[in-house]
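Colleague: Please take one part of this model and look at it closely. I would like a single connected account, with the cut-offs stated as they come up.

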Amino acid sequence: MRFLSKLRLSLAALLLILGILVTHAKESKYELDRKLIYQEIHAQLEKGNITLEEAQKMWLKKIKQLKKEEAK
């Protein structure tokens, strides 16, 4: 009996650790995608291809799209 309770406790701890790792990896990917979008828009803004207002609209549109993709 004691062996089974230790086994259950060990498996529960393992699942908790794996869940934390998966959650952390997902957050990191989201943050990297946000930075990539920012850099793309910033480069276009610096070149003068778009105005500040257009850059703001692009940012909102792409972040909204990114959130939708993440929800899937």
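Modeller: Gly 19 is found in helix H1; helices (H or I, at least four residues) and strands (E, at least two) are DSSP runs, numbered from the N terminus. Because its relative accessibility is 34%, Gly 19 counts as partly exposed. Buried means under 20% relative accessible area, exposed means over 50%, and partly exposed is in between, with a 1.4 Å probe and protein chains only. This is a predicted model, in which local features need pLDDT of at least 70 and side-chain atom pairs count only at pLDDT 80 or more, while totals for chains, interfaces and linings use all residues. Residues are numbered from 1 along each chain as its sequence is written, and side-chain values use heavy atoms, with hydrogens and water left out.

Helix H1 covers residues 2-47 and also holds Thr 23, which is partly exposed at 43% relative accessibility. Thr 23 and Gln 56 are 29 Å apart by the C-alpha atoms and 33 residues apart in sequence.

Further along helix H1, Lys 29 and Asp 33 are four residues apart, about one turn of the helix. Their side chains form a salt bridge, 3.0 Å from N to O. The rule asks for a side-chain nitrogen of Lys or Arg within 4 Å of a carboxyl oxygen of Asp or Glu, and by it the count is one salt bridge. Lys 29 is exposed at 52% relative accessibility, whereas Asp 33 is partly exposed, with a relative accessible area of 21%.

The largest nonpolar core has seven residues: Tyr 30, Ile 37, Ile 41, Ile 50, Ala 55, Ile 63 and Leu 66. Helix H1 and helix H2 (52-71) are the elements that give two or more residues to this core. Such a core is a set of buried Ala, Val, Leu, Ile, Met, Phe, Trp, Tyr and Cys residues joined through side-chain atoms within 4.5 Å. Ile 63 is in contact (heavy atoms within 4.5 Å) with Tyr 30, Arg 34 and Ile 37, leaving aside neighbours within four places in sequence.

The aromatic count is one pair. Tyr 38 and Trp 59 have ring centres 6.5 Å apart and planes at 90°, so this pair is edge-to-face. Since Tyr 38 lies in helix H1 and Trp 59 in helix H2, the pair ties together parts 21 residues apart in sequence. Rings of Phe, Tyr and Trp (its six-membered ring) pair if their centres lie within 6.5 Å; planes under 30 degrees apart are stacked, over 60 edge-to-face, and the rest tilted. Tyr 38 is partly exposed at a relative accessible area of 48%, and Trp 59 is partly exposed at 25%.

As for the whole chain, the secondary structure comes to two helices and zero strands. Its C-alpha atoms fill a box of roughly 70 × 20 × 10 Å along the principal axes. Of the 72 residues, 10% are buried.
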